[in-house]
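This briefing is meant for a reader who is meeting the structure for the first time. Please look over the sequence and the model before going on to the notes.

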Amino acid sequence: MNERIIRFLSVEINNIKNVAKGIVDMPFMYDKSYYSERAEILGIYGQNGSGKTAVIDALNLVKTLMSGETLPFDGINLVQGGEKESSICVYFYIGDEQERVYRYVISVEKIKENGIDKLSIKEETVSCRMLTSLDKELSYGILARSKNGSKQPFEYEEDIEELTGGDDDKRIDLTVIKRLAYKENRSFLFAKEMKELCENSENTEWHYIPVLGEYARRNLFIINQGHSGVISVDFEMPFSVRRKDSDVLDQLVVSLAEPVVFEKEKYALFCAVISEINSIISALIPGIELKVKEYGAQTTKNGNEGVRFELLSSRDGAVFPLRYESEGIKKIISILNILALMYNHPSVFVAIDELDAGVFEYLLGELLKVMDETGAGQLLFTSHNLRPLEMLDKNSILFTSSGADGRYLRINELDSGHNLREQYIRALRLGSDTGNIYSRTLKSEIRRAFYMA
């Protein structure tokens, strides 16, 4: 394998929002094949409030920490009510000259600082195991475990020796990096200051920690409800853009209410993104084209040269501001460049909350079918629309259960040879041998509730 391939395999969440414990395996992880040179799609289904969004929020927290960024101020709301701490465990496949699986476990806890409740990192661990040519998996070996508040950089002395080579100056550097990272409430193991130490280690397993950090910054795209929220209120439209010469994702935010000013370089990048979107959008929504209308040069707030412009929609010769398009069209436009990356690159992972929001169900099914059959990357999505159940294999569908423990499951009795949508609805009505996938509602109780109100 010449090109390095990195794939997301699985996430286990504990005490995140209303989920006490839940495991989400991608289809290849479920089959123990890890990677087979094609796209991998997983849809999560279930009734409202059953833990679908908790998966997206957990992945967003992992991306934040692995990217070397600070925990969000409102992250404390992720911890399940009544609990003091939460944990997330993620698995990644890395394939180049040799195949290996990395496991990252992060524990966070509620603390009070200066009278204010906040979320703080408690402990983090990175482990690795090799996949042999005989398809026998070796056991995980802990590469590094770090505890916030401990005087030592790592829990085990041999890990410190392995990374520093016994150099006292490097040991001091390691201690300083840890204290600074945890003081700023960001990951110590994935701190950017760790990059040089990891890359110079004689143990090659350390070399892949900064590799995973770069993967999180460049190739992990998490589209949560905040992304869709600003679109639905016609406030602004965010575009996630990956530069070829940078390991950082650019977030280009365009106002839908009025013209916006970008610096020249940023404006050129945005125009390139719109050009890419136009090459795809007409195949999904015939007759539509995006136009960027320039209003001339204007100095930015930073005093740099910029361009003032507005994003327009063109349909059969009629041109109007994009804000007047439907919510579904704006949602599709905002994620198309990300989906194009996922379609073409095997190491790109995209997670989208409520992918179906405002999107015509037939179009949604066709889009997912194309991605599944001819794409290269990975897509995880949550949805209420059942059309994808008719288009995807049963291993590509995960259902939420009504219990807080064991929250996510595959229904074993579903048959790929038959209509999964009809089978799922039947399981909702009659129950499933695999687990309770629906908290029963009665029409008589609903009628009475409305009458009493």
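The notes below cover the sheet, the nonpolar cores and the aromatic rings.

This is a predicted model, in which local features need pLDDT of at least 70 and side-chain atom pairs count only at pLDDT 80 or more, while totals for chains, interfaces and linings use all residues. Residues are numbered from 1 along each chain as its sequence is written, and side-chain values use heavy atoms, with hydrogens and water left out.

- Six strands form an open antiparallel sheet in the order 2-1-4-5-6-7, where strands (E, at least two residues) and helices (H or I, at least four) are DSSP runs numbered from the N terminus, and two strands pair if DSSP finds at least two bridges between them.
- Strand 2 (19-25) and strand 7 (141-147) are the edge strands, each of them pairing on one side only.
- Strand 1 and strand 4 are joined in the antiparallel sense by nine bridges, and Val-11 has Val-90 in strand 4 as its bridge partner.
- Helix 2 lies across strand 1, strand 2, strand 4, strand 5 (99-113) and strand 6 (116-131), and runs at about 115° to strand 1; axes here are lines fitted to C-alpha atoms, for helices over the stretch in contact (heavy atoms within 4.5 Å), and angles run from 0 to 180 degrees between N-to-C directions.

**Nonpolar cores**

- A nonpolar core is a set of buried (under 20% relative accessible area, 1.4 Å probe, protein chains only) Ala, Val, Leu, Ile, Met, Phe, Trp, Tyr and Cys residues joined through side-chain atoms within 4.5 Å.
- The largest such core has 66 residues, of which Ile-88, Phe-154, Met-194, Phe-349 and Leu-380 touch the most other members, and helix 2 (residues 52-66) gives the most to this core, with nine residues.
- Apart from this core lies another, of 56 residues, including Phe-239, Leu-269, Leu-379 and Ile-411.

**Aromatic rings**

- The whole structure holds 16 aromatic pairs, counted where ring centres of Phe, Tyr and Trp (its six-membered ring) lie within 6.5 Å, with planes under 30 degrees apart called stacked, over 60 edge-to-face and the rest tilted.
- Phe-8 and Phe-92 form an edge-to-face pair, at 6.1 Å centre to centre and 65° between the planes, which links strand 1 (residues 5-16) with strand 4 (residues 85-95) across 84 residues.
- Tyr-267 and Phe-309 form a tilted pair, at 5.2 Å centre to centre and 50° between the planes, and both residues are buried.

Key. Buried < 20%, exposed > 50% of the residue type's maximum accessible area, 1.4 Å probe, protein only.
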